[in-house]
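Here's a quick tour of one model, with an eye on its ring pairs and one of its sheets. Have the sequence and the 3D view open as you read.

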Amino acid sequence: MAFFKKMLKKINKKWYPQSVLVGSPVTTAQVAKRLAAESTVSPADVAAVLTSLGPVMADYMSQGRSVKLDGIGSFYFTAVSAKGGVDAAEKVSANQIVGVRVRFNPETHYERGGGSRVATRALTDTPIEWEEWKGEEKKKKKKEKETQEEGGIGQHGN
């Protein structure tokens, strides 16, 4: 079950549903344990493979290639260039690249619906059931820090 909360957008004063993350992030160890339970591989072997996945993908992408993982999607690097640009193509150089971003395109699934072909970009074809989040919001870290500095106990205090 996925959760959403009602959010008022300042730009147009309209209400929209916004997804909510619940709990702490799932760890590599948790993913490894689950994958091991659904396969014939041990949790330690799965964890070793998952640990190696990032550096292997980075190596391929640094060679100018994209990495497509079946059932997940494609990953690739893009360059972030310095602001301003240059006046002529001859002046463009690698020195203008100030950063790198990893881009992700989820795998596309095609379905027949109502006489036409419909494309869905998602990690899975599992339907998601949305429910309004009724739990407490996480407190902002800044607010927590201010509380601790004032001598109070923050969200993670003892």
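Searching the whole structure turns up two aromatic pairs. Keep in mind that this is a predicted model.

Let's take Phe3 and Trp133 to begin with. Their ring centres sit 5.1 Å apart and the planes meet at 75°; the cut-off for edge-to-face is over 60 degrees, so this pair is edge-to-face. The two residues come from distant parts of the chain, 130 residues apart: Phe3 belongs to strand E1 (residues 2-9), while Trp133 is in the loop between strand E8 (130-132) and helix H3 (141-149). Are the two partners buried or exposed? Phe3 is buried at a relative accessible area of 19%, and Trp133 comes out as partly exposed at 22%. Buried means under 20%, so the two values fall on either side of that cut-off.

The other pair is Phe75 with Phe104. Here the ring centres are 4.8 Å apart and the planes are at 40°, so the pair counts as tilted. Phe75 is part of strand E4 (residues 73-81) and Phe104 is part of strand E5 (residues 97-106), so this contact ties together parts 29 residues apart in sequence. Phe75 is buried, whereas Phe104 is partly exposed.

| Residue | Relative accessibility | Class |
|---|---|---|
| Phe3 | 19% | buried |
| Trp133 | 22% | partly exposed |
| Phe75 | 18% | buried |
| Phe104 | 35% | partly exposed |

Now back to E1, the strand that holds Phe3.

E1 and E2 (residues 14-20) run antiparallel and are joined by seven bridges. Met7 has Tyr16 in E2 as its bridge partner, and Lys9 is bridged to Lys14 in E2. The two strands make a hairpin with four residues between them, and Lys13 in the turn has a positive phi of about 55°.

One last stop is Gly64, in the loop between helix H2 (43-62) and strand E3 (67-69). Gly64 is exposed, at 69% relative accessible area. Its C-alpha lies 7.9 Å from that of Tyr76, a residue 12 positions away along the chain.

Terms used: Residues numbered from 1 in each chain as written. Predicted model: local features only at pLDDT ≥ 70, side-chain atom pairs only at ≥ 80, totals over all residues. Heavy atoms only, no water. Phe/Tyr/Trp six-rings, centres within 6.5 Å; stacked < 30°, edge-to-face > 60°. Buried < 20%, exposed > 50% of the residue type's maximum accessible area, 1.4 Å probe, protein only. Pairing = 2+ DSSP bridges.
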